[in-house]
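Hi everyone, thanks for making time. Please have the viewer open, and I'll walk you through what I found.

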Amino acid sequence: MGATRRDVLEYIKDEFEAPIKTIKPPFKVKINNSQLENLSMHLKTKSLAKVLNFFALNMKFAGPFEAANLSSMLEASRIVDSKDGLSLEEKYLLAQAPITTKSTIIVQAFNSYIASVIKKRPNHYKPSITLPKKAITQKDLLLVEDEVKKISLYLWLSYKLPNLFPDHDKAFILRESFNRFIEKSLKGVLIDEKRDEKPFYKDRGKEDRKNNFYSRRRKRV
């Protein structure tokens, strides 16, 4: 299988010894590189998004098969379509990467990784954030979670393109560290950013009314 790392071999061993899961039809079929090139020529386009849309809407299969849902790839395909210097096969590979466009950190990283593929230049993993001692707010925790997703993206690319993304071990260790931080933070108590903070000033009006009340009381003889 080409696996040489201990963690990969252990994963393969566990999966090999696990009970076989029942697979029920219909079976999802993804477009392969040959179909990708043929459809591109048929449609006379190099747009990955157009080819994927055509495949999803028009491809029919005999037997218990159907075209896979490619909606998760469409956002990524629009990003790679906007880049010059990528072959259709490279676009398709990158569009399968686990990304979310809702995170600025991940989108920026994805663009950086695409540039490395275009230039055929190794991309060494660099964290976007410095791990704090503890998560004070929910926002702090979300930033760390985004960093974990960014690391997962890098690890996915390091498996597909190991020469361009060589820092698998470094990224893997960092992800473990970030995950431990998240687990530790979830066990603690985070400050709710929407909670009303106590005012740093006293209600002077209330205090003055209290003083006036006592000043008007008669002194006992």
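Let me start with a definition: buried means under 20% relative accessible area, exposed means over 50%, and partly exposed lies in between, with a 1.4 Å probe and protein chains only. One more for the element names: helices (H or I, at least four residues) and strands (E, at least two) are DSSP runs, numbered from the N terminus.

Now the ground rules. This is a predicted model, where local features need pLDDT of at least 70, side-chain atom pairs count only at pLDDT 80 or more, and totals for chains, interfaces and linings use all residues. Residues are numbered from 1 along each chain as its sequence is written, and side-chain values use heavy atoms, with hydrogens and water left out.

First, the overview. The protein has nine helices and two strands, and from the N terminus the order is α-β-α-α-β-α-α-α-α-α-α. There are 221 residues, of which 28% count as buried. For contacts, meaning heavy atoms within 4.5 Å, take the pairs at least 6 apart in sequence: 65% of them join residues at least 24 apart.

Let's go to helix α5. How many of its eight residues are buried? Six are, so α5 is mostly covered. The buried ones are L88, E90, K91, Y92, L94 and A95. And what covers them? The cover includes α2, α3 (48-58), α4, α6 and α7.

Helix α2 (residues 33-43) packs against helix α5 (residues 88-95) at about 125°, with the axes 10 Å apart. Here axes are lines fitted to C-alpha atoms, for helices over the stretch in contact, and angles run from 0 to 180 degrees between N-to-C directions. That angle makes α2 oblique to α5; under 35 degrees counts as roughly parallel, over 145 as roughly antiparallel, 65 to 115 as roughly perpendicular, and the rest as oblique. On the α2 side we have N33, L36, E37 and S40, and they meet L88, E89 and Y92 of α5. By class, that contact has three nonpolar, two polar and two charged residues. For the classes, Ala, Val, Leu, Ile, Met, Phe, Trp, Tyr, Cys and Pro count as nonpolar, Asp, Glu, Lys and Arg as charged, and the others, Gly among them, as polar.

Next, please look at helix α4 (residues 71-81) and helix α6 (residues 104-119). Their axes come within 11 Å and cross at roughly 50°. That makes α4 oblique to α6, and this crossing is right-handed. A76, I79 and V80 of α4 meet F110, N111 and I114 of α6. Here the classes come out as five nonpolar, one polar and no charged residues.

On to the aromatics. Rings of Phe, Tyr and Trp (its six-membered ring) pair if their centres lie within 6.5 Å; planes under 30 degrees apart count as stacked, over 60 as edge-to-face, and the rest as tilted. A search of the whole structure finds six such pairs. One of them is F55 with F61, edge-to-face at 6.2 Å centre to centre and 65° between the planes. F55 is buried at 0% relative accessibility, whereas F61 is partly exposed at 26%.

Another edge-to-face pair is Y125 with Y154, at 5.4 Å and 70°. Y125 lies in the loop between α6 and α7 (138-160) and Y154 in helix α7, so the pair ties together parts 29 residues apart in sequence. Y125 is buried at 1%, and Y154 is buried at 0%.

Most residues other than glycine have a negative phi, and most peptide bonds are trans. The peptide bond from P25 to P26 is cis, with omega near 0°; P26 lies in the loop between α1 (6-17) and β1 (27-29). K44 is not a glycine, yet its phi is positive, about 55°. K44 lies in the loop between α2 and α3 and is exposed at 76%. K120, also not a glycine, has a positive phi of about 55°, and K120 lies in the loop between α6 and α7.

Notes: A crossing is left-handed if the near helix is turned anticlockwise from the far one by less than a right angle, and right-handed if clockwise.
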